[in-house]
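Work through the exercises below with the model open beside you. Try each task before you read its solution.

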Amino acid sequence: MRPLLSVTELKVHFPVRHGLVRAVDNVSLEVGSAETVGLVGESGCGKTTLGKAILRLVKPTAGSIRLAGTEIADMSRALLRPLRREMQMIFQDPQASLNPRQTVASIIEEPMIVHNIGTRTERREKVAWLMAKVGMRPDASGRYPHEFSGGQRQRIGIARALALNPKLIVCDEPVSALDVSVRAQVINLLEDLKREFELSYLFISHDLSVVEHVSDRIAVMYLGRIVETAEGSSLWKRPLHPYTQALISAVPVPDPTAVSRRVVLQGDLPSPLNPPTGCRFHTRCPYATELCRQSEPQLRRVDAAHQMACHYLPDERHTN
């Protein structure tokens with residue numbers, strides 16, 4: 001079956017005074033219909049830039065983006081406009097992503113006005129229906145974003161994303177700005193909406209425990225590249241790449257008697273302006289060899305649903 005979204009060898013480079021920032025560098029990724037693909041990695045690894053490039057909010061430097069078989073990577077703005085109904089975004093900061101001068105009803109209705117959908121009466125009826133779907137009271141329609149909590153503001157953002165009946169939604173850290181007590185409510189809402197409307201999600205987060213809970217498949221990103229992909233449960237039980245192993249070891253375990261096996265990485269994420277030669281992770285990897293410093297590994301299939309970009313399997317590694 002053809003995937004809903006297919007990204008092939010995508011690059012997003014930003015020119016600066018002394019070179020190029022390689023925010024996304026040769027990334028390939030697929031999202032199927034009614035599937036959630038989680039995208040995880042440290043801050044600064046290029047996750048958000050990849051999400052914005054997929055939606056053409058950032059222009060790709062090279063590569064292919066196919067939405068339901070249609071190539072959109074170099075499509076003109078005029079041709080792209082009707083396709084924007086099919087793909088929407090939920091932003092990380094619900095306060096910054098909502099216009100403080102618009103009411104809730106105006107915020108949710110605006111995408112329908114832009115795309116000339118329905119009469120005013122039909123649009124207002126759909127606004128009320130969407131508000132109910134995301135758990136907002138009808139009397140909230142005339143209020144402004146600052147009058148709501150963070151969780152309620154994110155519900156408004158979700159309702160806006162649903163206004164055009166999209167097939168694909170890019171969720172960019174949708175719960176990271178929320179209180180812990182509210183995160184589960186928003187995550188459960190997203191999962192309920194996915195089942196009801198058969199939505200596909202690209203779920204971007206640095207929190208592996210959240211991604212493992214919501215995702216059918218997970219892709220791990222490091223310094224602009226995908227280093228491992230697998231089914232959610234498989235990645236959690238059997239991480240193969242040293243970077244993935246370190247990320248999973250950092251997830252808190254709700255058992256005070258459990259023995260910690262934390263993998264502590266040395267150093268910081270290198271600059272995308274000047275990425276290391278060879279494997280980009282070799283400067284922080286405890287298993288790096290001369291081969292890692294000289295040759296960049298490509299994603300290779302370990303089994304039917306698991307890929308990894310590392311020269312060595314776990315039983316082949318030796319600590320230097």
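On a 1 Å grid over the protein atoms alone, a cavity is a set of points where a 1.4 Å probe fits but cannot get out; a pocket is an open set with protein on both sides within 12 Å along at least five of seven lines; lining residues have an atom within 4 Å of a point. This is a predicted model: local features need pLDDT of at least 70, side-chain atom pairs count only at pLDDT 80 or more, and totals for chains, interfaces and linings use all residues. Residues are numbered from 1 along each chain as its sequence is written, and side-chain values use heavy atoms, with hydrogens and water left out.

**Exercise 1. The cavity**

Find the largest cavity and describe its lining.

Step 1. The whole structure holds one cavity of 30 Å³ or more.
Step 2. The largest cavity has a volume of about 80 Å³. (Grid points are joined across faces, edges and corners, and a volume is the space filled by probe spheres set on the points.)
Step 3. Its lining includes Cys279, Cys285, Cys292 and Cys310. His241, His282 and His311 are also among the lining residues.
Step 4. Sort the lining by class: eight nonpolar, three polar and one charged. (Ala, Val, Leu, Ile, Met, Phe, Trp, Tyr, Cys and Pro count as nonpolar, Asp, Glu, Lys and Arg as charged, and the others, Gly among them, as polar.)

**Exercise 2. The sheet**

In what order do the four strands of the open sheet lie?

Step 1. The order is E2-E1-E4-E5, with antiparallel pairing. (Strands, E, at least two residues, and helices, H or I, at least four, are DSSP runs numbered from the N terminus; two strands pair if DSSP finds at least two bridges between them.)
Step 2. Look at the edges. E2 (19-31) and E5 (70-71) each have a single partner strand, so one side of each is left without a neighbour in the sheet.
Step 3. Check one pair. Two bridges join E4 (residues 62-67) to E5. Leucine 67 stands opposite threonine 70 in E5.
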